[in-house]
There are 6 protein chains.
Amino acid sequence: MRSRIAVYPGSFDPVTLGHMDIIERAAKQFDRLIVAVLHAPSKVPLFAIDERKRMLRAVTEHMPNVEVDGFGDLLVRYMRDRAANVIVRGLRAVSDFEYELQMASTNHKLHPQVETLFMMTSPEYSYLSSSIVKEIAKFHGPIDDLVPPLVADALRDKYRA
Amino acid sequence: MRSRIAVYPGSFDPVTLGHMDIIERAAKQFDRLIVAVLHAPSKVPLFAIDERKRMLRAVTEHMPNVEVDGFGDLLVRYMRDRAANVIVRGLRAVSDFEYELQMASTNHKLHPQVETLFMMTSPEYSYLSSSIVKEIAKFHGPIDDLVPPLVADALRDKYRA
Amino acid sequence: MRSRIAVYPGSFDPVTLGHMDIIERAAKQFDRLIVAVLHAPSKVPLFAIDERKRMLRAVTEHMPNVEVDGFGDLLVRYMRDRAANVIVRGLRAVSDFEYELQMASTNHKLHPQVETLFMMTSPEYSYLSSSIVKEIAKFHGPIDDLVPPLVADALRDKYRA
Amino acid sequence: MRSRIAVYPGSFDPVTLGHMDIIERAAKQFDRLIVAVLHAPSKVPLFAIDERKRMLRAVTEHMPNVEVDGFGDLLVRYMRDRAANVIVRGLRAVSDFEYELQMASTNHKLHPQVETLFMMTSPEYSYLSSSIVKEIAKFHGPIDDLVPPLVADALRDKYRA
Amino acid sequence: MRSRIAVYPGSFDPVTLGHMDIIERAAKQFDRLIVAVLHAPSKVPLFAIDERKRMLRAVTEHMPNVEVDGFGDLLVRYMRDRAANVIVRGLRAVSDFEYELQMASTNHKLHPQVETLFMMTSPEYSYLSSSIVKEIAKFHGPIDDLVPPLVADALRDKYRA
Amino acid sequence: MRSRIAVYPGSFDPVTLGHMDIIERAAKQFDRLIVAVLHAPSKVPLFAIDERKRMLRAVTEHMPNVEVDGFGDLLVRYMRDRAANVIVRGLRAVSDFEYELQMASTNHKLHPQVETLFMMTSPEYSYLSSSIVKEIAKFHGPIDDLVPPLVADALRDKYRA
């Protein structure tokens, strides 16, 4: 069987402990895991794409088969360019489920060789999202149990008065 | 029984093969089917209301009992003006279901003579939406299996570099 | 357009005010509405099929275009025998929705001329089911706001000590 | 047992009969109920926070243990300032449910002494939301069965041509 | 305000750490909490009602305002007999939510003074149910993190070869 | 990376085209795929476990890395015995999703080295289940588009008058 390369796409604005849970578990399942940060010109992120990639590289440097990259193209075209054939996605809730089913069906139709594999988010992170973390950080609430230390510091810097 | 007139309301920005599936099946159930394109001043559509109506007329011209119209008023008031008493809606997913239940209950309260009838979208189009089509077209991805040929051409024109 | 005949299939063990709401609204939408009581040999009902049909006939006798019948065959074959082309179903909740989507897709595959049209149950009956009514009647709880008077009497007879 | 103070947080832009149903039922469950109007600088409301508080005070003045207040801070910090330990939330639909579960888990993690108690919205208001009311009012549709009379008047004033 | 008595009804066959989480949190919210074990003659439980009550009493004896009782009547009638006016229920998942909404609406209709308050199960117990625990115990799998020690012993006794 | 062995557990009573879709896609993702037929003494299946295994072997014989086996133990213990570390499951609907999340969380807690990977069922099979196929076969309805030819024959044999 040829080398198995998976892509874990997302905004990661910023990476949370929920994302870290998926990255660590997925890294064990594939020869290489590419964490692909979406560069969407239409949305204004809190962290610029380079900051998001830098933080992801720092928190994944202990996993030698994990690579951090950015993409701004159609996901299936990016996968072909990277010779990857598996998309990894985390599932938390019913509303995730429906959107993810829609995306997986679309990607399968666009590029039938690409398979999407889903992992359930661990129960203790099932309530966590980048949006909620930013909402709490904005009011200087406690975020140390929600994101890696380096990201917590970056969030405190952003929202410093 | 008097003439049965149904209204299929939506944004149709643009019409997809999922909408076409509902239109073709609904046209068999009623004496007349009015495809009513919503003119919502607060949202900026990709296609102006006249372009959306023109495309819908072109792709439904083989169905003599289908009429294309625009509306910008309260749906139940538009129905009374058109002497229509049935709203047709497609259901794809659980999140559709809840929003649609809310709209059907509201419309029934506002105008008790109006009935909403739901049709399940065929499984092969269950993942399809105008938003996903536009997302793919924006990156010059393949859209020919998702929309009628005339709409695919219009999308390629819109997103030409 | 030829005569429009719809079938509203179910167990009706017994008929509730939620079923009556669908029957009354559906009777206005079709030339004829057949309320088709399922005879499932594998399940032991509270009311025998003849009792269920007798009660339905009594509570629908003011609607001249409503007919009550029994069926024990594949639904789509029964529809062909009765020259009916529309199945009517009520939707209350998300779990209904998924089962109904599954049944509508199967029936459409088995007999493509058959269309399933769904009506949302009115909010005030959204919590009501035959099972809940029987559960309350078993403990001699108040059921007069949940079923027609004739059915309330029949339930009290069944559960008399 | 010490005095039980609950907070019912929301945007209330404007208060609907669905909110009133929750307020009236919750007021019976606690020694004091604080209706806390969210002041979110990032969203432009239809009614300014002072108008929303004034309307809420008028429609709750017959309930002596209900207080109306505004807040713009992290909810759990506001609760600590007010010595309140219960958050009250209404549940209408599956999509509410998931968002509310996420918020309740986050608030519990931030401040473990705070408990969130949920009440199901009464079926007759299950379809109602401030957004739907504003949508109908914008088109001068009938809103008298959806909001208190004072709010209906305020909405008609806002959308007068 | 008069004494606040709540009832937490269920089968508790057997009590799990998920139930314990709700009992401990609910006991802080009310003057008295009655854990009411359902005696349903139609279902054959793994543990007889007396065993279930005995185990619940043992694991709640450190909470002086918690009482364990059995009931076999209509819940709302039992509540009236016990002068209780609040039903407490845990919510884990969307399917719970729909069933619970149905029961809460029915109970409110049968006895409008009764209010149902819902608590979200803590994320780490969101996957837990008595059925899953029995399934694992049947195969002599590890259950010590799922139920109180006394219940784990009772389960091992039941399934000893 | 060591050999990747996945287990696809289920009742397969009987195998449908929906199961075949998952088997064929999963076989491409792993070095070996074990289709593990559940032997549950408490349920009476339509096909005995040996018939179910024989049919599965016949319809998967063109896939050299697919093995068919039976199991009657705790799934995670079976996986350890087979040196497998991935469970494959198909997801069709929201109700699947919740049950599967519960099972995946339980299995992860019982055996943290085991990972569950989910694949979305292709839209054209999203309505399909063994139960629905048996329901149609029982009434001698058309099943040739729902199961492999060999299974269709076996079903017709079972339900011959």
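Trainee: Why does B:Lys158 count as partly exposed?

Mentor: The relative accessibility of B:Lys158 is 35%. Buried means under 20% relative accessible area, exposed over 50%, and partly exposed in between (1.4 Å probe, protein chains only). The 35% falls in between, so B:Lys158 is partly exposed. B:Glu51, at 27%, is partly exposed as well.

Trainee: What should I keep in mind about the model?

Mentor: This is a predicted model: local features need pLDDT of at least 70, side-chain atom pairs count only at pLDDT 80 or more, and totals for chains, interfaces and linings use all residues. Residues are numbered from 1 along each chain as its sequence is written, chains are lettered from A and ligands numbered from 1 in the order in which they are written, and side-chain values use heavy atoms, leaving out hydrogens and water.

Trainee: What makes B:Glu51 and B:Lys158 a salt bridge?

Mentor: Distance. The rule asks for a side-chain nitrogen of Lys or Arg within 4 Å of a carboxyl oxygen of Asp or Glu. The closest N and O atoms of B:Glu51 and B:Lys158 are 3.7 Å apart, so the pair qualifies. B:Glu51 sits in helix H2 (residues 49-59) of chain B and B:Lys158 in helix H6 (residues 149-158) of chain B, 107 residues apart. Helices (H or I, at least four residues) and strands (E, at least two) are DSSP runs, numbered from the N terminus.

Trainee: How far apart in helix H5 (residues 130-138) of chain A are A:Glu135 and A:Lys138?

Mentor: They are 3 residues apart, so about one helical turn separates them. They also form a salt bridge, with closest N and O atoms 3.8 Å apart. A:Glu135, at 41%, is partly exposed. So is A:Lys138, at 36%.

Trainee: Why does F:Met120 count as buried?

Mentor: The relative accessibility of F:Met120 is 4%, under the cut-off for buried, so the label holds. F:Met120 lies in strand S5 (residues 115-120) of chain F. Its C-alpha is 10.0 Å from that of F:Asp21, 99 residues away along the chain.

Trainee: How do you know that no contact joins chain B and chain E?

Mentor: Contact means heavy atoms within 4.5 Å. Chain B and chain E have no contact; their closest C-alpha atoms lie 11 Å apart. Chain A and chain F do touch, through 26 residues from each.

Trainee: How much area is buried between chain A and chain F?

Mentor: About 2,300 Å², with 65% from carbon and sulfur atoms. Buried area is the accessible area (1.4 Å probe) that two parts lose on being put together, summed over both.

Trainee: How many salt bridges cross the interface of chain A and chain F?

Mentor: The rule finds 2. In one of them, A:Arg25 and F:Glu115 bring N and O to 2.7 Å. On the side of chain A that touches chain F, helix H1 (17-27), strand S4 (86-91), helix H4 (94-110) and strand S5 (115-120) each give two or more residues. H4(A) gives the most, 7 residues.

Trainee: Why are chain A and chain F said to be related as by a two-fold rotation axis?

Mentor: Chain A superposes on chain F by a rotation of 180° with 0.0 Å of shift along the axis (RMSD 0.0 Å). The two copies are therefore related as by a two-fold axis. In chain A, the C-alpha nearest the axis belongs to A:Phe118, 2.4 Å from it. Both copies use the same surface: 100% of the contact residues of chain A recur in chain F. The superposition is by least squares on C-alpha atoms of residues with pLDDT of at least 70 in both.
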